[in-house]
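Work through the exercises below with the sequence and the 3D view side by side. Try each task before you read its solution.

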Amino acid sequence: MPAPTSSVLIVGGGAFGLSSALELRRRGHGVTVLDPGPLPHPDAASTDISKVVRLDYGSDELYTRLAEDSIALWKQWSEEFGEAVYHETGVLYLSRKPLTPASFEHKSLQVLATRGHATQRLDSASLAEHFPAWTAEHYPEGYYNPQGGWSPSGRVVTLLAQQAEREGVSLVPGAAFAKLIESDGRVTGVQTRKGDRYHADVVVLAAGAWTAQLLPELSEYMWPVAQPVMHFMPEHPDALRPPAFPVWTADVEQTGWYGFPAQADGTVKVANHGPGWAMDPSGERRMPAGTEERFRAFFAESLKSVASAPKTYERLCFYCDTADGDFWIDYHPQRWGLLISTGGSGHAFKFTPMLGPVTADVLEGQSSDYTRRFAWRDAQLSKEASRYAPRK
């Protein structure tokens, strides 16, 4: 394993890359971050007004633990950065059918209970009473978890970059990856498209949706998928703010719908976490036809106060999907000196405070439940099958 004061070159200045840069610098490593820039990069998955922070992960207790660890650090970061980077609104989980033991929501409730988290069970009547924006008759069951909320993701990337630079990380925007530099079977650095060469003891590839594009051999394990995000400006945004309107999911395992309370300016962000579309993250980012109509059909049925609200913004959020939905944080088995830290699969940002520590542990050879879970594994699921696999 590298010495405690090794040099580390990180390719990618998003959530994985900057969290890792800050943690590695605090552990004594010399760190340089290369990114096409600017930071935050406008096309990065994290560059948005908000991302969900939640504890609820069905029966997957490891992610619930990771979320607990992350929320504790989100609160520390709010103090450290001098502004709120985590807003604890709670998270509302709605189901179109009564909860069964096989459902995501029921499994989540079981894990939360065993870990001592209090939740509020809901039926249509209590939903209408406490969360009146919803068409309650469509959701016979659900629950509210007072822990969880959202983080201002684009702002967090800015703050991480500033803090990392203050602590001695060298940030190099405008440095687009061209190829790895290798010698005697070992990765020793990176050459940029401008021809600049950077050397380090370890190279960390944290390029998100571009990972398989930069290293095509990884396309067997991960690939980019685009998902729709839209912002709306309702006429009465005060009715769409906590506590009556927290972060929410609406039968998410079946429909993919989730969203956020109104921002200070009234903006309501809604997104879909579904099969998505296979697209080139470096190509033209055009929303597929009919997408807004899908959003408005959902609003007309479930969230009528947004049904006719003007759309003010739309974007395609590019995931770096893995076949099993788990992150991919490990050394490359054939290219010593190269560490992969990516595979967000649409649910990584909430763990940003822990992505750095996990990546740093892998770099330093420290083992944990997290490093073992996210270790290199065989590509057991095909790309096609993964599109229909349940998402975390």
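The exercises that follow concern a predicted model.

**Exercise 1. A pair of strands**

Task: State how many bridges join strand 1 to strand 12, and which residue is the bridge partner of valine 11.

Solution: 
- Step 1. Locate strand 1 at residues 7-11 and strand 12 at residues 202-205. The two run parallel.
- Step 2. Count the bridges: there are four.
- Step 3. Go to valine 11. Its bridge partner in strand 12 is leucine 205.

**Exercise 2. Serine 20**

Task: Decide whether serine 20 is buried or exposed, and list its contacts beyond four places in sequence.

Solution: 
- Step 1. Serine 20 sits in helix 1 (residues 15-26).
- Step 2. Apply the cut-off: buried means under 20% relative accessible area. Serine 20 has 1% relative accessibility, so it counts as buried.
- Step 3. Leave aside the neighbours within four places in sequence. Serine 20 then contacts Ile10, Ser341, Leu355, Gly356 and Thr359.

**Exercise 3. Salt bridges across the chain**

Task: The model has 24 salt bridges. For glutamate 68 with arginine 115, and for arginine 335 with glutamate 217, find which parts each pair ties together.

Solution: 
- Step 1. Take glutamate 68 and arginine 115. Their side chains meet at 2.7 Å, N to O. Glutamate 68 is in helix 2 (residues 61-81), while arginine 115 is in the loop between helix 3 (104-114) and strand 5 (120-123), so the pair ties together parts 47 residues apart in sequence.
- Step 2. Take arginine 335 and glutamate 217. Here the N to O distance is 2.5 Å. Arginine 335 is in the loop between strand 18 and strand 19 (338-342), and glutamate 217 is in the loop between helix 6 (211-214) and strand 13 (222-232), so this pair ties together parts 118 residues apart in sequence.
- Step 3. Check accessibility. Arginine 335 is buried at 16%, whereas glutamate 217 is partly exposed at 35%.

Key. Residues numbered from 1 in each chain as written. Predicted model: local features only at pLDDT ≥ 70, side-chain atom pairs only at ≥ 80, totals over all residues. Heavy atoms only, no water. Pairing = 2+ DSSP bridges. Buried < 20%, exposed > 50% of the residue type's maximum accessible area, 1.4 Å probe, protein only. Contact = heavy atoms within 4.5 Å. Salt bridge = Lys/Arg side-chain N within 4 Å of Asp/Glu carboxyl O.
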